[in-house]
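Thanks for passing this one along. Here are some notes to read beside the model, point by point.

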Amino acid sequence: MKKRTAGIVLLILLLLLWEASARFGWVKSENWPTLVAVLEVTYRQLLSGELSLVLAASMARMIVGFVIGSLCGILLGLLLGTLRTLDGFLTPLVEAVRPIPVPAIIPPLILFLGIDDALKIFVVAFSVFFPMLVSTVGGVRNVDETLIRTARTLQTTQGSILRFVILPAALPSIMSGFRISLPLALITTVVAEMIAGSSGIGYVIVRAQYAMQPQEMYSAVLCLMVIGYLLNLLFLLFERRLIPWYHLSENA
Amino acid sequence: MSTATKALQATLSFAAVLAVWELLGRAVLVNAVLLPPPSLIAPTLADIIVSGSFLRPLLETLLLFAVGYSIACILGVAIGLAMGWYDRVYYLLEPTIELLRPIPKVALVPPLFLFLGLGASMKITTVALAAFFPVLIATIQGARGVDPVLVNTARTLGAGPARIVFRIVLPASLPLIFTGMRVSLALGLIVEILAEMLSGEGGLGYLIVDMQRSFAIRQMYAWIIILAAVGLFLNFVFEYLESRIVYWRGK
Amino acid sequence: MRAFLRVDQISKSYIDGAGGAEAKILNSASLEIRESEFLAVIGPSGCGKSTFLQIIAGLMPPTSGRVLLCDKPISGPPAHMVYLFQQYNKSLFPWRTVRDNVAFPMQMRGAAAADIEQACRDYIRMVGLAGHENRYPWQLSGGMQQRVAIARALAAEPRILLLDEPLSAVDALTRMELQSLILEIWERQKLTILLVTHDVDEAVFMADRVATLTVSPARIDSIIETGIPRPRDPITTRERPDFLTFRRDLLNTLLNRQHAQIPST
Ligand SMILES: Nc1ncnc2c1ncn2[C@@H]1O[C@H](COP(=O)(O)OP(=O)(O)OP(=O)(O)O)[C@@H](O)[C@H]1O
Ligand SMILES: [Mg+2]
């Protein structure tokens, strides 16, 4: 803790600088509210339910999309990782679609799915799918051949090898996919809500910008920051529960 | 599997997808207006390419992206090395970075409109912001993870601190730095396209939204294909550079 | 004695990655293993010992020839035959504790939880790891890891144990301890053991019969029956004149053959 003192002092100074620059008019701009004002608006809107309901709806869409996308990615990844031929046919398609930046698929999808939940869930699932697929395939490929042979001589069936050997051995790699796809899900949710605006936290930001309500805008960004932080925390917790052996064994 | 088999399999599956897409449209299983078959998109795409009208928006997107991305990479690696190598710098900056890192950077696009307008400086800034953090974090990790044996060997061979940072720590962290830069590449492109779409000004992102709003569906798909090609090309360049620069990375 | 396990003229060629050229590793190697015997196969490093043993274990098909277990040709790993890998650190499941690693084969058989618990305790005690049940493999030394692998192999209730240089990566003292442990288990469980090694000392010390593999492409060259009395003692057995004679003769064959291969300039 002692080591961080200077850093925390710096952070507090920066926040004070923000407050002072707005309060004493060092930055002359309509768009530069004081930190206190932003916190106040956030507090009021969270309490009144205005912001909390929006956040809850966005998170619900994000979670549904995330679960669908990662399940599909992991399942297809297990398949492609174990079946070479299928891999040869499908991987080129995946590689062709994967580099498309996700905002670009939203306009055509609006034509089919409208601008409501279906669109946003689909877009989140789509963006999560690729990192999960790639990391699962990589994990399955890198399972040490000796482990699989050991299981075979111990009379393990193909299905059990997949479940008891390949899946746990690939889990660290799958988790590293989650490390990428979890923040990506949040990003994509916001992107989709901004482009196909009608509701959600992303839409709130865009609307506040049009309406010149900087306090509302910053308070939405603040909420997203907290959510991003919590997601990371959640991930670390899960990682410690699911693969406690991994980091320790790597250092051994 | 040999290269020839792989190429054959890839060709077959692309052909299959195009054929199914075409048939879906022909058989009126999907709305051919909303999803025109490839045979209708291809001429539009050819027009755009032959007339050269793809060049200006493409260059605009690429240029702004490249500037923002380069700034992010240079700053990320420089600050990352300083933080990874000097504990005091690390502890000084860490709280601030931990606070800013979890913000989904796309959320900063509208606030930046207010300060920087809709033009180039806004786009460069957002791309740089989005691409900065993955590079920074990867560089710190890389620099902190350098094997002390390597550093001590260099020390006993008489290398000074500057040499150690640039000749030992930087090269040893490069594989991780590239991993971070790869994440940044994708993120930066997402933010660039988003900024173009929201600002309604210039570039491929703007064109895709614009075509959709004016219901020029074929053009919209043509521009998406061009953008996909850009993504593919950037990935390819990235992989090539990575394989040349960290050729020693084993398999 | 009848042939319990018979290796019938197996050959193996690997296709070399890029070029597609075939490299012949095994050249119609034949071997008969009697029930309950301890047979060692020695050969220099890289001559194809692991390949030979993995074919017997049904882990890879031979290019030609076959392996018969009780006169039935095998295809795929047969039950009651367990392979102990050279790379023991890679063959243990890092996400399972010692106990759970040992439990693995019994779980795969669908044994009852209570039986598994009891059997795990017995096998772990048998290899001298009591008290380490809840540790992870990577928290153990190399010798202890190999003990876990042995306990896990025993939990599969094998009749035949295939050992692929199981002790080549542990230190000299641990190696002697584990040699005695394996011999003890072999006698107690009435196992049939096929050991491949490049360590002549180990082969003569442990086995009833010692077969030699020639180099590239490998085939079984000669088989000698040592007849050194059991139980064998790590110190006194190694001082016996017949032990020393066998050791010298085998070393001579192996070394001479390799010298002969280096062309004179
Ligand atoms: N999958 C493979 N593909 C191609 N060549 C292989 C393969 N596995 C082994 N070889 C080659 O076959 C030869 C014998 O390998 P093997 O592992 O059976 O030898 P070994 O006697 O067990 O060696 P060591 O004493 O090092 O364990 C080696 O030259 C090796 O390079
Ligand atoms: Mg071997």
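Are B:Tyr90 and B:Tyr91 buried or exposed? Both of these tyrosines are buried, where buried means under 20% relative accessible area, exposed means over 50% and partly exposed lies in between (1.4 Å probe, protein chains only).

Some ground rules before the points. This is a predicted model, in which local features need pLDDT of at least 70 and side-chain atom pairs count only at pLDDT 80 or more, while totals for chains, interfaces and linings use all residues. Residues are numbered from 1 along each chain as its sequence is written, chains are lettered from A and ligands numbered from 1 in the order in which they are written, and side-chain values use heavy atoms, with hydrogens and water left out.

1. Chains. Two pairs of chains touch, and the pair with the most contacts is A and B; a contact here means heavy atoms within 4.5 Å. Chains B and C do not touch, and their nearest C-alpha atoms are 9 Å apart.

2. Helix 1 (residues 5-23) of chain A packs on helix 4 (residues 87-100) of chain B at about 50°, with the axes 6 Å apart. That angle makes helix 1 of chain A oblique to helix 4 of chain B. For angles, under 35 degrees counts as roughly parallel, over 145 as roughly antiparallel, 65 to 115 as roughly perpendicular, and the rest as oblique. The axes are lines fitted to C-alpha atoms, for helices over the stretch in contact, and angles run from 0 to 180 degrees between N-to-C directions. Helices (H or I, at least four residues) and strands (E, at least two) are DSSP runs, numbered from the N terminus. The crossing of helix 1 of chain A and helix 4 of chain B is right-handed; that is, the near helix is turned clockwise from the far one by less than a right angle, with anticlockwise giving left-handed. Residues that meet here include A:Leu10, A:Leu11 and A:Leu14 from helix 1 of chain A, and B:Tyr91, B:Leu92 and B:Pro95 from helix 4 of chain B.

3. Helices within chain A. Helix 9 (residues 201-210) and helix 10 (residues 214-242) of chain A have axes that come within 8 Å and cross at roughly 155°. Helix 9 of chain A is therefore roughly antiparallel to helix 10 of chain A. This crossing of helix 9 and helix 10 of chain A is left-handed. Among the residues making the contact are A:Val204, A:Ile205 and A:Ala208 of helix 9 of chain A, and A:Met217, A:Ala220 and A:Val221 of helix 10 of chain A.

4. Aromatic pairs. Rings of Phe, Tyr and Trp (its six-membered ring) pair if their centres lie within 6.5 Å, with planes under 30 degrees apart counted as stacked, over 60 as edge-to-face and the rest as tilted. The count over all chains is 18 aromatic pairs. One of them joins A:Phe126 and A:Phe130, edge-to-face at 5.1 Å centre to centre and 75° between the planes. These two phenylalanines are four residues apart in helix 6 (residues 117-141) of chain A, so about one helical turn separates them. A:Phe126 is buried at 18% relative accessible area, and A:Phe130 is buried at 8%. B:Tyr90 and B:Tyr91 have ring centres 5.2 Å apart and planes at 85°, so this pair is edge-to-face too.

5. An aromatic cluster. A:Trp245, A:Tyr246, C:Phe93, C:Trp95 and C:Phe104 form one aromatic cluster.

6. Arginines over rings. B:Arg144 lies over the face of B:Tyr90, 3.9 Å from the ring centre. The rule asks for NZ of Lys or CZ of Arg within 6 Å of the ring centre and within 35 degrees of the ring normal. In chain C, C:Arg238 lies over the face of C:Phe205 at 4.2 Å from the ring centre. C:Phe205 and C:Arg238 are also among the contacts of C:Gln179, a residue of helix 6 (residues 172-189) of chain C that is buried at 2% relative accessibility.

7. Backbone points to check by eye. The peptide bond from C:Arg230 to C:Pro231 is cis, with omega near -5°; C:Pro231 is in the loop between strand 10 (220-225) and helix 8 (241-261) of chain C. C:Ser36, which is not glycine, has a positive phi near 65° and sits in the loop between strand 2 (22-34) and strand 3 (38-42) of chain C.

Key: Lists of a residue's contacts leave out its neighbours within four places in sequence.
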